Amino acid sequence: MLSAEKNRQLTQVGPGTPMGEVLRRHWHPVAGVDALAREPIHPLRLLGEDFVLFRTLDGGHGLVERRCRHRNADLAYGMVEAGGIRCSYHGWQYATDGRCIEQPYEDVVDPQGRLRARACLQAGLVRVKAGLLWAYIGPQPAPELPDWEPFHWAHGFVQAVFAEVPCNWLQTQENSIDPVHFEWMHANWSRRLAGRTGPYAPRHLKLGFEEFEHGFLYKRVSEDTDESHPLWTIGRVCLWPHGFFLGDHFEWRVPVDDETTLSVTWSFIRVPREREPFVQAEIPTWTSPVRDAASGRWITSHVINQDIVAWVGQGTVTDRTRETLGASDRGIAMLRRRLLDDIEAVAAGRDPKGVMRDPARNQRVTLPSDHRDFFLHGLPLADYLRHPKWGRLLQGFIFHAGQPEAVRQASEAALGVPQREITIIDL
Ligand code: FES
Ligand SMILES: [Fe+2]
């Protein structure tokens, strides 16, 4: 359990809050590059602040506060220009760095632009990487935007999925260092949801948690594995401060505000060796529903939708004063302690954990991964289909419900394997 005071410290993300200041030292994936190409203005709430993310007519990107400095009109209903965004109320125009560069009527009566100089918007930074737009709204100089090695893998079909989840970010990230939930929430619950009563999945027998430069590793031995298995020798990565890396995909839990989290999933599905070379023209991104439209209940059919059921079920901001933590929660306790250390570090003017400053070290950064060889070198189709894990991923998108038909078709064309409709995952 945690005191109410510490729970507040770790969960509040707005400007000036201790955790908000820590999270402002990191980059956040916030939208798809393709989404802005389709619709150039994207209202964005991040860490309790309102912005617009936009793509200019000349293909650049900007991130500025949402309300115009003139009389507060909503720039989400503005218009983009070459190099900036213009308010649709009286036409004031802002550059991607927030400078006001045009005030159509004022410029006639005040050609020196004195009023313009006083009308800057707060601006963040935007970068493009791995088909995603990444935002940074913290102090300068900005740290490196992590260049994870999987972003450079070849011959794979990549897609990214967004889902807005109505609960605090911390409980979603605690799921990234929670090995036992896999046995119950995904394997066993799915069997019950599919109408099967047994047998249950192999039990966890032993857990390990270790800190490393980019986060924590969790390791497991189950009834069907031993200490020679990659799930023990390598494990899974709880990526700092709000990510999860599972070898084939990343998940990030981006704090929108204290009560909302943007779940972002980036997945790579290697094409069978016979389909190489494969070069993806554009990474599609899409938004997954979290509730079933007909019943209003949370969707339970896909892996991350199931996680979402757990996260929102814990309450909007879960009450950690009433928890009963056990041995399975050792990683959770480590994560919380480290975040509290980060709060102290930032208050003392130091960088928190996970911030990279050296561009020379931020190149194709490898993360611990089981089966990295497979992602680098691929498999012939027959072997791929026989593989108990990768064969399943090849035949249908298991992570999120609601994959658009166009994405399903594009993945089928890339992979050359019919894509199954998943009603309930079978793990
Ligand atoms: S409110 Fe934006 S230009 Fe007037
Ligand atoms: Fe999960």
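Let's start with helix α10. What covers its buried residues? The cover includes α1 (4-11), α2 (18-23), α6 (169-174), β12 (204-212), β13 (215-222) and β14 (236-239). Keep in mind that this is a predicted model.

Now the helix itself. α10 runs over residues 330-347, which is 18 residues. From first C-alpha to last, α10 reaches 26 Å, close to the 26 Å expected at 1.5 Å a residue. Which of its residues are buried? They are Gly331, Ile332, Leu335, Arg336, Leu339, Asp342 and Val346. Seen down the axis of α10, these buried residues fall within an arc of 140°, so they line one face of the helix. An α-helix has 3.6 residues a turn, so residues three or four places apart point the same way. Turn to the other side of α10. There, Arg337, Glu344 and Ala347 are exposed. After α10 comes Gly349, and its phi is positive, near 85°.

Next, helix α9, residues 303-313. Its buried residues are Val303, Ile304, Asn305, Gln306, Asp307, Ile308 and Trp311. What do they pack against? Their partners are β11 (156-165), α6, α7 (180-193), β16 (249-257) and β17 (260-270).

Now zoom out. The protein chain is divided into domain 1 (30-136) and domain 2 (149-415). Taken over C-alpha atoms, the centres of the two domains are separated by 33 Å. How many residues does each domain bring to the contact? Domain 1 gives 12 residues and domain 2 gives 14. On the domain 1 side, the elements that give two or more residues are β1 (28-32), α3 (33-38) and β2 (41-46). By class, that side of domain 1 has six nonpolar, three polar and three charged residues.

Last stop: Leu63. Leu63 sits in strand β4, residues 61-65. Why does Leu63 count as buried? Because it has 26 C-beta neighbours inside 10 Å, and the cut-off for buried is 20 or more. Leaving out residues up to four places away in sequence, Leu63 touches Phe51, Leu53, Ala123, Gly124, Leu125, Val126 and Ala135. One more distance. Ile85 is 22 residues from Leu63 along the chain, and their C-alpha atoms are separated by 9.8 Å.

Methods. Residues are numbered from 1 along each chain as its sequence is written. Chains are lettered from A and ligands numbered from 1 in the order in which they are written. This is a predicted model: local features need pLDDT of at least 70, side-chain atom pairs count only at pLDDT 80 or more; totals for chains, interfaces and linings use all residues. Helices (H or I, at least four residues) and strands (E, at least two) are DSSP runs, numbered from the N terminus. The expected span of a helix is 1.5 Å times one less than its number of residues. A residue is buried if 20 or more other C-beta atoms lie within 10 Å of its own, exposed if 12 or fewer, and partly exposed in between; C-beta atoms are placed from the backbone. The arc is that of the directions from the helix axis to the C-beta atoms. Two residues are in contact if their C-beta atoms, placed from the backbone, lie within 7 Å. Domain bounds come from an automatic or database domain assignment. Ala, Val, Leu, Ile, Met, Phe, Trp, Tyr, Cys and Pro count as nonpolar, Asp, Glu, Lys and Arg as charged, and the others, Gly among them, as polar.
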